[in-house]
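Open the model in your viewer and keep the selection tool ready. Here is a short tour, stop by stop.

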Amino acid sequence: NEYMNSRFYFIAKSTLILVYGVILAGSVVRMTGSGMGCPDWPKCFGYLIPPTDHAQLEWTPNHSYNKGNIIIVNESLQVAKYDFVSSSTYNSTQWEAYTKHDYAEFNPFHTWVEFINRLLGALAGLATVLMFVFSLQFWKDKKRIPILSFLAVLGMGFQAWLGKTVVDSNLAPFKITIHMVMALVIVALLWILKPYARTTRNLVLRNTLWVALGLTLLQIIMGTQVRQFVDIQVGLWGYDQPSQWLDNVPVVFYIHRSFSIAVVMLHLYLLKLSFSQQEKTRHIYWILGCIGLEVITGIIMYYGDFPFASQPIHLFIASILFGIQMDWWLHETNTKKQHNDLSI
């Protein structure tokens, strides 16, 4: 039984790390504007391994093409209808236009940033499936473990489908937000697989933690909305004029910025509750550390004109904060577990 527990512990922990890696990679994709680096899904320009040079996407005579391969012709994507070897002249009947969107640009850097993001997503998906397979050994005694593991598999599948719809919609803002929220749902499911053996906890502390989780999720959603506005500004002003990105910001920006005060105050109250209840946990210190870093990176982005990597770091810390809050809330609410339960 101990071997089974330790093996599942390793797989589940690795899955959680990979999911966080996907969140970080996704934030880098957004920071670099690489979301359409691969205009199709799940392949990239119709290839399992994406191209590295624009010449690979130009029509070439006497070249072997496979069904689904994509080339760029007159600033439009053309998809091979079937396997064939091209002749000396371009034959349009062998190709059909890509109709899901009209984005037809190739940038090797953007393509490979997006490809790495997808590769990490695929690895995380495989790890989730493996976690579910190993969780079946607990079906007799701890049914919640395979059930939660299966929900995580469904979540990863839904997340993959969301990724496809994001690309097909040419990065529709609302779908990007849903994509980010779903990633946090998967993180929450993986944290829920971490049971605790504890006695009954303080109800006020538990409910306050629940409110903190909600506020953090709301902050992340508003932050995603702000990021969508910045994406539009980048398109207008270009990457070489970051000082213009926050011109005429929407109201959600000011709400997001001011709302951080409420988040800080709530967690200071949690610190007070921890001391008053003699709650010996390091969660609150990790949480306050993450909030401090969030405030610092937010200030740096606003006053420093979005220095390199500040945006993905800001988002990644927010997702870590959400995970630690979830862990602490579970720590306080799991009152019926035995000391020999799994812990990841």
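Select M131, L190, L270 and M326: of the 50 residues in the largest nonpolar core, these four touch the most other members. A nonpolar core is a set of buried Ala, Val, Leu, Ile, Met, Phe, Trp, Tyr and Cys residues joined through side-chain atoms within 4.5 Å; buried means under 20% relative accessible area with a 1.4 Å probe, protein chains only. This is a predicted model, where local features need pLDDT of at least 70, side-chain atom pairs count only at pLDDT 80 or more, and totals for chains, interfaces and linings use all residues. Residues are numbered from 1 along each chain as its sequence is written, and side-chain values use heavy atoms, leaving out hydrogens and water.

Now colour the helices (DSSP runs of H or I, at least four residues, numbered from the N terminus). Elements giving two or more residues to this core include α1 (2-32), α2 (108-135) and α8 (310-333). Which element gives the largest share of this core? It is α4, with 10 residues.

Move to I72, L77, Y98 and A104. They belong to a second, separate core of 11 residues.

Next, select helix α5, residues 203-237. Step on to G238, which follows α5 and has a positive phi, near 90 degrees.

Last stop: select M36, G37, Y103, E105, F106, N107, H110 and T111. They line the largest cavity.

Methods:
On a 1 Å grid over the protein atoms alone, a cavity is a set of points where a 1.4 Å probe fits but cannot get out, and a pocket is an open set with protein on both sides within 12 Å along at least five of seven lines; lining residues have an atom within 4 Å of a point. The expected span of a helix is 1.5 Å times one less than its number of residues.
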